[in-house]
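Here is a short tour for anyone opening this one up for the first time. Have a look at the model, then read on.

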Amino acid sequence: MGNLLTQMYCELKYTSQWALHVLLVFLSLMVAFGVLSSKNPALWQAFLPMLLMGLSYGMTSLSLGHLFRDDWEDGTLEWLMSEGKSLEVYGFAKILAHWMRLGIPLAIIAGVVTGFTSFPLIFGVAITTLTLIFLGAIPSALCLNTKANNSILLPLLILPFGIPMMVVSMAAATDPTVGIYSYLALQGGLFLMSAALSLIACPFALRLALR
Amino acid sequence: MATLPLLKVTNFNQSRSGRLLFKNLSFEVHPGQAIVLMGPNGSGKTTLLRCLAGIPDVFPEIIKASGLRQSYVGHLNALKSSLTVRQNLCQQTKVPPEQLTKTLEDWGLMPLQDREIRTLSAGQKRQVALTRLSLVGAKLWLVDEPITHLDAAATAHFWASLQAHLRSEGAVVLTSHTPVPLSQAKVVVLHG
Amino acid sequence: MVSHLSHPKPLLRMAEILLPWAAATSFIFMGAGLLWGLILSPADYQQGESVRIMYVHVPASWGALCVYTAMAILSGLAFVTRAPLFHLMAKSIAPIGMAFAFISLGTGAIWGKPTWGTWWVWDARLTSMLLLFILYLGYWMLVSMFEEEERGLSAGAVIALVGWVNVPIIKWSVDWWYTLHQPASVLRFAKPAIHWTMLMPLLCMAMAFALYGLVVAIIRFRTELTKRKVRAFQIRDWIVQQEKEAA
């Protein structure tokens with residue numbers, strides 16, 4: 001546990017410019033859509049949850065390409081394996097740190113834009129991005145040592161996992177007939193499943209990349 | 001030698017991309033011994049060193065002494081470019097600051113200790129990576145092309161610290177293109 | 001020394017014997033099914049003649065789901081037994097499943113236009129079938145993006161295993177959510193809700209698709225094994241040559 005926290009702390013200390021970059025793109029897209037629908041406020045209100053959820057999915061998917069790449073390129077991943085350090089802890093720390101830099105700001109922006117009226121939406125954005133990062137870390141690790149550097153393969157692989165999750169989360173967050181407990185149960189179940197899958201598959205995929 | 005070997009390789013085979021790299025390779029590394037892997041480019045020196053280090057899989061033909069602490073410095077330096085020298089070494093090795101200062105002084109890297117890695121030259125980065133070997137206090141050193149980019153003074157210092165490590169019952173496996181100035185080093189030649 | 005598969009020979013011999021029979025029976029079933037389905041079976045009371053697309057659309061959908069399940073099982077077996085044979089089998093059947101999924105989507109769109117008035121709708125079943133097609137595409141792209149074949153096959157196996165979650169979603173999406181696509185009529189726990197005059201040609205076509213898939217799978221698997229054999233011979237010759245030079 002202490003190992004995990006120290007790794008996460010070290011992660012967060014770096015200036016990671018790509019998370020900020022992705023957040024700025026998200027903000028600019030929200031502003032653009034807001035301006036474009038300024039003639040029609042009802043349209044903006046109706047589309048807002050969809051816009052927030054969809055854009056968070058898109059931005060997270062784009063940012064996942066860099067999750068393990070820096071460490072792989074400068075040899076840190078190799079060194080970690082030679083020291084015999086646990087790759088599960090490493091993966092977990094990386095994913096959590098990435099979420100803290102990306103998912104939490106996205107949720108806060110979602111809250112600000114909706115005026116903090118819809119708690120399920122904010123919570124939904126936060127947890128969905130976390131689940132998505134857990135699941136998307138697997139293709140991200142698989143694509144490390146391939147010819148598919150920065151190609152369309154990574155978003156293509158994330159798509160079948162991210163979309164069902166996003167749909168479920170969105171429906172539960174905006175549908176007034178779904179109770180809070182059943183929503184939490186569903187979202188929690190998806191999160192636990194993705195976390196478990198990720199913690200098994202990511203170390204395997206990282207080892208595969210270094211063969 | 002009656003001492004137990006630190007590292008023992010028995011009948012090790014490895015093929016990469018359909019090419020056989022080595023077949024039935026066997027050797028031992030005893031405390032105080034240095035092994036140099038030599039061979040032309042692409043003959044599998046780096047691959048063999050990585051297999052010895054256990055990256056990414058552990059092979060049953062490579063047996064290490066129980067509780068053996070190893071230190072691996074690969075072709076890439078494994079240094080974060082946005083952190084300083086001190087921050088990198090502290091984070092990776094978790095040694096007390098006084099010991100870190102002493103090692104940096106030994107290597108002549110004190111003037112660089114608070115500079116970010118990306119501002120250093122290639123030779124300086126390599127020196128920082130090599131200091132990791134002595135910091136961790138590992139018995140087995142595994143180094144890939146240690147003297148690339150190093151100037152004459154840094155190279156001499158590296159061979160001196162290597163000799164000191166061998167005298168204190170440590171062992172080294174390193175790869176090199178050029179002949180190594182160690183008198184009693186055992187050379188393993190890999191053919192392409 | 002050289003990476004070898006675990007006993008492909010008996011498997012290959014069995015496949016060689018099976019191949020002509022499977023091809024022949026597939027041809028017979030396909031002919032019979034098409035004749036029965038397209039000409040002899042009754043037209044639907046509501047949909048008229050356009051219901052006949054069902055005889056191609058439904059077997060293709062079943063095929064896509066079954067092939068992905070087979071890929072997931074084979075990948076699981078490969079990890080458990082550590083035999084590359086199963087990885088190769090999974091790679092052999094992947095394009096078949098991709099083709100089935102594509103046929104399902106295409107014929108579904110063609111069927112949807114007269115029946116629902118639209119080529120496509122973003123409901124649960126259609127979207128998850130599209131996602132299955134994307135999974136197949138992603139598997140194929142991933143496996144071909146590695147320089148070394150073994151690593152690529154292992155990576156693809158991870159996608160096959162993790163992506164299998166999509167298959168139950170497709171199967172039961174029409175029962176869980178009220179959607180435009182009709183609910184399950186054949187593969188369900190109650191009695192099939194389809195009349196036997198339409199069920200029989202449907203099953204006939206399903207057999208034909210399955211056998212055709214088997215034929216293509218055997219041919220592709222044989223090709224993969226031959227490629228590996230060629231590479232093994234090349235390595236052996238290279239080693240012999242090296243030893244001659246050293247001597």
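Let's start in chain B, where D144(B) stands opposite T175(B) in β7(B). Keep in mind that this is a predicted model.

D144(B) belongs to strand β6 of chain B, which covers residues 140-144. How many of the five residues of this strand are buried? Five of the five are, so β6(B) is largely enclosed by the rest of the structure. In a regular strand, side chains alternate between the two faces of the sheet. Both faces of β6(B) are covered: L140(B), L142(B) and D144(B) are buried on one side, and W141(B) and V143(B) are buried on the other.

| Strand pair | Sense | Bridges |
|---|---|---|
| β5(B) (residues 70-73) and β6(B) | parallel | four bridges |
| β6(B) and β7(B) (residues 171-175) | parallel | five bridges |

Now over to chain C. Of its 247 residues, 38% count as buried. Among the contacts in chain C with a separation of 6 or more, 77% come from residues 24 or more positions apart.

One helix pair in chain C is worth a visit. Helix α2 (residues 54-81) packs with helix α7 (residues 196-246) at an angle of about 45°, and their axes are 9 Å apart. That angle makes α2(C) oblique to α7(C). The crossing of the two, α2(C) and α7(C), is right-handed. On the α2(C) side, the residues that meet α7(C) include M54(C), Y55(C), W62(C) and V67(C). On the α7(C) side, L202(C), M205(C), F209(C) and G213(C) are among those involved. By class, the residues of this contact between α2(C) and α7(C) divide into 13 nonpolar, two polar and no charged.

Finally, what does chain C bring to its contact with chain A? The contact takes 19 residues from chain C and 18 residues from chain A. On the chain C side, α4 (124-144), α5 (149-163) and α6 (166-176) each supply at least two residues. Of the elements there, α4(C) gives the most, with eight residues. The side of chain C that touches chain A has 13 nonpolar, five polar and one charged residues.

Terms used. Residues numbered from 1 in each chain as written. Chains lettered and ligands numbered in written order. Predicted model: local features only at pLDDT ≥ 70, side-chain atom pairs only at ≥ 80, totals over all residues. Contact = placed C-beta atoms within 7 Å. Nonpolar A, V, L, I, M, F, W, Y, C, P; charged D, E, K, R; others polar. Buried ≥ 20, exposed ≤ 12 C-beta atoms within 10 Å, placed from the backbone. Axes fitted to C-alpha atoms, helices over the stretch in contact; angles between N-to-C directions. Parallel < 35°, antiparallel > 145°, perpendicular 65-115°, else oblique. Left-handed = near helix turned anticlockwise from the far one by under 90°. Pairing = 2+ DSSP bridges.
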